[in-house]
Each structure stands twice: as C-alpha cells, then as structure tokens.
Amino acid sequence: MIDVVELSVHFGGVVSLDQMTVQFPEGTCGLIGPNGAGKTTFFNVLSGFVRPRSGRITAMGVDLLAMPSFKRARWGLRRTFQTEQAIEKLTVFENVATVYEHSDTGGKSGRTAAVEEALDFVGLTDQAQQTVRTMGAKERRFIEVARAVVGKPKIIMLDEPAAGLPDAETALLGRIIRSIPERVGATVILVDHDMSLVQACCDWTAVLDFGRLLASGPTAEVLRDRNVMRAYLGTEEVAS
Amino acid sequence: MTAVATREATLAAEPTHHGIARVTKSQWFSPAAAVVMFLVALFFIPAFFDSFWIANFTQMAVFSIVAASAGLLYGRVGLVSLGQVASYGIGCWVTIRLSFGTPWPFPIIVIIGGLAAVLVGVLIGLPALRVSGLYLALVTLMLAAGMEIVLNNFKFANGGPGFKGVATSLSDIKPTRRPSFALTDVTYYRFLVVGAFVMFILASLLLSRKPGRAWESIRQSEAAALAAGIDVTRYKLLAFALAAFMAGVAGGLYAGTVPKGMSIDAFNRQSAIFLIAVVIMGGIYSLWGGLLGAFFATCLLKFLTQNVIGHQFWTRFALSLFGFGLLVNLIQSTRAAEKKGIQA
C-alpha cells in the first residue's frame with residue numbers, strides 16, 4: 001500500500017499538486033485526470049526528480065522521500081517514461097539486465113534467469129539479442145515494461161504506456177499490465193488517457209484535477225462520479 | 001513462466017549478414033582486429049620503418065591512449081572534458097620525478113603516475129558533476145589552464161635536488177630513465193605498444209561490462225539512469241577515474257620518449273583543445289577512434305609535412321582541418337539531436 005499524505009508541489013507560483021492525500025491499495029491502480037492535472041508531477045515526486053514542498057509518502061512501511069532517487073529504484077520503485085527510454089545502443093537483453101544488476105534484489109547468479117523471465121513476460125524472448133536502435137516504437141514500449149518488471153520490484157509506475165500504440169497492441173499491453181500484481185508481485189500505478197485501458201486494467205482509480213484529488217475508489221464508481229465527469233467534460237454550470 | 005500472450009512476430013529475427021559484413025559484424029571481429037593490430041605494431045612496424053618513423057609511431061602509441069581516454073568520457077558517458085591533458089601532465093611529472101627519486105622498476109612508477117592522475121581526475125570530476133555540456137568543457141579547460149601554470153612553476157624533474165628535482169646548471173641535467181629491458185628506441189617503442197594495448201584492454205573490459213552499460217544509460221538520459229537504480233554520481237566519477245588513469249599512464253610512458261628536458265608544450269591549453277578535436281575527428285564512440293585520431297595527429301601529419309609540402313603550411317593547415325572537422329561534427333550532432341526531438 002502506498003500512503004500519500006498532504007503532498008504539495010509548487011513550481012514558482014504554480015501549484016502542481018495541492019495537499020494530495022490518497023492511499024493506493026495493492027493491485028493495479030489507475031491515476032487519471034485532464035492534461036496538467038499533476039499526474040506526471042506525482043510520478044516525478046515518487047521517483048525523486050521533484051522535491052515536494054510538503055507532505056509524506058510511505059510505501060510498504062518505508063519513507064520514500066527520505067531516500068535518494070536511485071536508491072528508491074534499487075529498493076523496488078520502477079517507472080516508465082512518456083518517451084521511451086530504452087538504451088538504444090544496447091541489446092534488449094542488456095537493457096533489462098542493466099536494471100536488474102542495479103537493484104537490491106539483483107545478484108550476479110540469477111541475472112540471466114531473471115532477465116529471460118522478464119522478456120518472456122512481455123513476449124520479447126525472440127528479440128533478446130537485437131539492438132534497441134533497430135527496433136520500432138512499439139517494441140520499445142514492451143522493453144520498457146520488461147525493464148520495469150525484472151527482479152522483484154515493489155511498485156511500478158507506468159506513464160502513458162499505451163500512447164501511440166495501435167488497438168491490438170494496447171489490448172495486449174493491458175493484459176500484461178493487469179497480470180503484473182499476480183505474476184510479479186508489484187503494485188502498479190497506471191497513468192493513461194485511454195479510459196478503456198484504465199478500465200480494463202485497474203480495479204481502483206484515483207482522479208486528479210488541477211493538482212487536487214477529485215475522487216478515488218473502485219474504477220467503475222469513480223468513472224460515474226459527477227465531479228469526475230465534470231472535470232473531463234468541462235461543464236462548469238453544474239458546479240456545487 | 002509462460003508468456004501472457006504470444007506476440008505475433010512483428011519483427012524479423014536478427015538479419016543474417018553475407019560476405020564481408022558477416023565477418024565485420026561478428027562478435028569476434030573487434031578483438032581479432034585488435035590482436036592483429038597489436039602484432040603489426042609490435043613486429044611489422046619496427047622491421048620496416050626507420051628511426052624517424054619509429055619516433056612517430058611512438059608518439060602515436062602515447063597519443064592513442066590519451067585520445068581514447070578523452071573519447072571514452074565524451075563518446076561513452078557524454079562528458080566533454082578538456083582536462084585530460086592535465087591528467088596526462090600529472091602522470092608524466094610524477095613518473096619523471098620518481099624515475100630520478102626512486103630505484104623502482106619503470107612499469108611500477110608509470111602505474112603510480114597513473115594513480116596520481118586518478119586523484120587529480122576525480123578532483124576535477126567532483127565539481128564537474130554539477131555541470132554538463134559546454135559548461136563542463138569550460139570548467140575543465142580552466143582546470144587544464146591551472147595545471148599548465150602549476151607545471152610551468154614546477155618544471156619537470158631532470159635529476160636535480162629537492163622536491164622539484166630540477167637542476168639549474170646544464171651539466172647536472174641527467175636523461176630520463178627508461179626501463180632496463182627497453183633502453184633502445186625500438187624496444188621502448190615496443191614497450192609503449194604493450195602499454196597502450198593493456199590500457200585499451202582495460203577500457204574495453206569495463207565498457208563491455210556493468211560500468212559500460214551504466215555509462216551508456218547515463219549518456220542517453222540521466223533521469224532514466226536514476227530511475228533504473230544507477231548511482232549516476234558514482235559512475236561518472238568512475239569514468240573520470242578511468243580516463244585519468246589512462247591519460248596518466250600515457251603521460252608516464254611519454255616520459256621515456258623525451259631523453260632530456262621535458263617541456264610543458266605537450267600539456268598546455270592548446271594541446272587540450274587539439275586533443276578534443278583529434279578525438280572527434282577519429283570518432284568518439286569506438287575506442288578505435290582514439291587510435292585513428294592519434295594516427296591523424298602524428299603519423300599522417302608528419303607524412304604530409306615531410307612529403308607533400310613545406311613544414312609550416314601543413315602544421316597550420318592541419319590545425320584548421322581539425323577545427324573544420326570539429327565544426328562539421330557539432331553541426332551534425334545538433335541536427336541529429338533535432339531530428340530525434342521531432343521523432344520523440
């Protein structure tokens with residue numbers, strides 16, 4: 001469980017996150033909201049790229065904000081980025097191995113097995129020895145997911161993993177994401193604009209708007225919430 | 001674990017190569033070529049070239065290590081350092097000083113020179129961790145300039161008394177020591193080739209392992225590297241340390257090539273800029289680029305000077321040629337970055 005308490009992030013005069021308090025349960029959680037709602041900022045705070053003005057984040061009993069960025073990743077906090085970050089000059093295998101060899105759980109002995117397991121999980125076993133540079137954007141999305149699941153991660157943040165993917169690939173990615181908690185044992189936080197993907201993957205969803213938590217709870221209920229619909233449809237008159 | 005879903009094969013398997021490509025794309029090509037080059041340098045060159053060319057190939061062997069060290073920082077980690085000549089100079093100074101002050105075997109004092117350079121390299125690296133790109137180039141250039149002033153003050157030891165070991169009267173100046181097994185120019189050249197080979201092996205061993213992968217990740221994106229659990233600070237310092245060690249050892253090996261009165265010309269700011277231009281011309285990604293750049297800067301330049309046209313013209317022309325190469329490279333890499341930005 002990830003416990004976020006009164007998290008605020010300011011950039012100069014702009015309030016990116018405003019007293020955000022939310023508890024992500026175990027499993028696959030969605031995090032949605034209109035553009036500029038603060039979703040990526042929240043990920044950047046979790047990763048340690050942005051220092052919050054105030055607030056606490058406790059994950060599995062560990063104070064995340066007390067750790068430097070790379071140590072959070074070693075501890076088991078993984079993420080993907082909106083633009084693919086697979087290392088172009090390395091092979092798919094080396095890409096995944098790099099993450100594994102820098103994780104707390106990654107020993108020298110289990111490396112090959114762990115990497116192969118992660119590649120198998122996303123269906124990239126056949127391309128293991130291919131250089132990433134020669135691969136398309138679609139494959140790189142799946143390499144990113146393999147990099148996120150290798151070893152024994154605890155939390156996986158996916159930042160718009162399906163952006164630009166055709167429907168068939170999105171459906172496949174959705175099935176992979178949905179099976180992460182059971183197969184990998186990690187809690188997933190999924191940010192995406194594709195509501196059907198969020199609905200298909202996430203039992204639980206939180207909604208951000210202008211840096212504030214608008215609603216959270218079981219996905220089906222949250223998506224029917226009047227405030228949420230208003231934030232997305234932008235009908236101001238109904239304001240209460 | 002079985003795949004969640006079997007993905008239809010969207011990509012063909014690794015393309016098969018034919019003819020020459022099959023040979024050059026093989027994973028054994030690079031090590032095999034390195035061994036062949038090593039043997040050629042060790043046996044073929046001394047057998048077929050006279051002492052003038054041996055001297056040039058000797059320079060090339062030394063320069064290739066320095067060029068490879070700067071290329072490694074720039075091409076593999078993305079750090080533009082103009083401070084490599086400082087490490088090169090430190091290695092040379094310490095080796096010369098120890099060659100007069102101690103009876104220790106020459107290879108040992110060269111390694112000590114390399115380690116002293118590591119100390120300086122890491123000290124350069126520490127403030128440099130906070131800056132990158134052009135600013136890093138400027139900071140390291142300033143450090144190189146500072147080093148030039150220090151060396152100017154200290155001078156290189158020549159058998160004199162005291163800490164500096166600098167003799168003032170001409171009659172007291174002694175020649176710099178060479179290893180007892182490599183006293184002649186040809187054997188010293190061979191000793192240098194072995195030294196360069198060892199340095200290249202050391203670099204490629206690190207590049208093909210965990211540090212190499214971490215550096216590649218840092219070069220592409222520091223944020224992604226951090227998110228992958230890579231201790232960016234530590235690996236950048238490791239890169240600075242390795243590059244400084246290589247340059248320091250090169251400086252130590254260079255010590256034996258100048259019989260008397262080492263001058264600081266090889267370690268000044270102009271050399272710092274010349275070095276980075278040479279490195280870029282040779283190619284920054286592969287370690288082979290260091291060798292090629294060193295070849296341009298020593299043997300090719302000498303060949304043109306000797307055989308084609310008068311001395312003055314070529315040295316100046318070559319410098320502008322390197323400047324031109326630098327410009328082309330910068331324009332190209334900017335274009336490549338823009339193209340990438342559009343695609344992303």
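In which hand, left or right, does α5(B) pass α6(B)? I looked this up before anything else in the predicted model. The crossing of α5(B) past α6(B) is right-handed.

**Entry: α5(B) and α6(B).** I noted that the contact draws on I124(B), P127(B) and A128(B) from α5(B). For the geometry, I took α5(B) as residues 106-128 and α6(B) as residues 133-154. Their axes are 10 Å apart, and the packing angle is about 145°.

**Entry: α4(B).** I then checked the helix spanning residues 84-101 of chain B. Its 18 residues reach 26 Å from the first C-alpha to the last, close to the 26 Å expected at 1.5 Å a residue. Why do I call α4(B) largely enclosed by the rest of the structure? I counted buried residues, taking 20 or more other C-beta atoms within 10 Å as the cut-off. Of the 18 residues of α4(B), 16 are buried, so the helix is largely enclosed by the rest of the structure.

**Entry: chain B overall.** I listed 13 helices and zero strands in chain B. Read from the N terminus, the elements are therefore α-α-α-α-α-α-α-α-α-α-α-α-α by the run-based assignment. Chain B has 344 residues, and 42% of them count as buried. I also looked at contacts in chain B between residues at least 6 apart in sequence. Of these contacts, 74% join residues at least 24 apart.

**Entry: the sheet of chain A.** I turned to chain A and found four strands in an open sheet, ordered β2-β1-β4-β5, with antiparallel pairing. Which strands are at the edges? They are β2 (14-24) and β5 (62-63) of chain A, each pairing on one side only. I followed strand β1 (residues 2-11) of chain A to β2(A) and recorded seven bridges between the two, which run antiparallel. As one pair to look at, V4(A) has V22(A) in β2(A) as its bridge partner.

**Entry: chain A against chain B.** How many residues of chain A are in contact with chain B? I have 37 residues of chain A in contact with 28 residues of chain B. On the chain A side, at least two residues each come from α2 (69-75), α3 (92-101), α4 (111-122), α5 (137-149) and α6 (167-178). I classed the residues of that side as eleven nonpolar, twelve polar and 14 charged.

Terms used. Residues are numbered from 1 along each chain as its sequence is written. Chains are lettered from A and ligands numbered from 1 in the order in which they are written. This is a predicted model: local features need pLDDT of at least 70, side-chain atom pairs count only at pLDDT 80 or more; totals for chains, interfaces and linings use all residues. Axes are lines fitted to C-alpha atoms, for helices over the stretch in contact, and angles run from 0 to 180 degrees between N-to-C directions. A crossing is left-handed if the near helix is turned anticlockwise from the far one by less than a right angle, and right-handed if clockwise. Two residues are in contact if their C-beta atoms, placed from the backbone, lie within 7 Å. Ala, Val, Leu, Ile, Met, Phe, Trp, Tyr, Cys and Pro count as nonpolar, Asp, Glu, Lys and Arg as charged, and the others, Gly among them, as polar. The expected span of a helix is 1.5 Å times one less than its number of residues. A residue is buried if 20 or more other C-beta atoms lie within 10 Å of its own, exposed if 12 or fewer, and partly exposed in between; C-beta atoms are placed from the backbone. Two strands pair if DSSP finds at least two bridges between them.
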